[in-house]
Structures are given as structure tokens and as C-alpha cells.
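Keep the structure open as you read.

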Amino acid sequence: GMVMPPINTIVVHTILLPPDRRDETALGQAKRLLAKSLAPVEEALDGKDYLIGEFSAADCMLGHSCIMASRLGIMGDDMPNLKAYAERLLARPACAEAFAA
């Protein structure tokens, strides 16, 4: 099948598809992949508000996955930096507006 970033697979199989067409295996794999890909970000955010100091394009690109992961309950308690980061991003008016859509 088509290769999608894990966050897309997760959205498809939790929101877009009707329950009888969702693939729990694909969903589980995507959640594990996403958690694995977020681990270095969790470390990188240690003691920082944003990825490279000030808010930047990097935060816009990565922020989407972080916020979706947070909303979909994929971030465990082992990712406190990422959880706080997602909250910080959503507190920014432009971000909040984009995600309200």
C-alpha cells in the first residue's frame, strides 16, 4: 500500500475510516513508529521551549505531528517535554487558529 507518515496512518485509522474498515495492526505499528520517532525530539526539547531556541519553521513542521499525537493519546507519560511542547504550541494564537480549522 501507500506509505504515509505514521501520524497520517493514525488519523486515517482512528478518525477517517468507519470502524469496520480500520486496521488495528496498521494502527498499532504506526503508533509504535511515531513514539519511536518522537523519542529523540523528547530528548532534544529537554530544558528548551522550542526546538532550536526561538519559535521557528521547524516547530511549525514538527508541531503538527506533536499536537495530533497529543490529541490522539499517543504521547505517554514518558514524554513530558513533548506534552508540554504541544501545549505551548497550542497556546500560540496562529497555531491555535490553524488547529481550530
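**Cysteines, a histidine and the core**

Count disulfides as pairs of cysteine sulfur atoms within 2.5 Å, and you end up with zero. Keep in mind that this is a predicted model, where local features need pLDDT of at least 70, side-chain atom pairs count only at pLDDT 80 or more, and totals for chains, interfaces and linings use all residues. Residues are numbered from 1 along each chain as its sequence is written, and side-chain values use heavy atoms, with hydrogens and water left out.

For burial, the cut-offs are under 20% relative accessible area for buried, over 50% for exposed, and partly exposed in between (1.4 Å probe, protein chains only). Cys-60 is partly exposed because its relative accessibility is 46%. Cys-66, at 0%, is buried.

Now find His-13 in helix H1, residues 6-16; helices are DSSP runs of H or I with at least four residues, numbered from the N terminus. His-13 has a relative accessible area of 11%, so it counts as buried. Setting aside neighbours within four places in sequence, its contacts (heavy atoms within 4.5 Å) are Arg-21, Arg-22, Asp-23, Ala-26 and Leu-27.

On to the core. A nonpolar core here is a set of buried Ala, Val, Leu, Ile, Met, Phe, Trp, Tyr and Cys residues joined through side-chain atoms within 4.5 Å. The largest has 24 residues, and those touching the most other members are Leu-34, Leu-38, Ala-69, Met-75, Leu-82 and Tyr-85. Two or more residues each come from H1, H2 (24-44), H3 (57-71), H4 (80-91) and H5 (93-100), with H2 giving the most, five. Beyond four places in sequence, Leu-38 touches Cys-66, Ala-69, Met-75, Met-79 and Leu-82.
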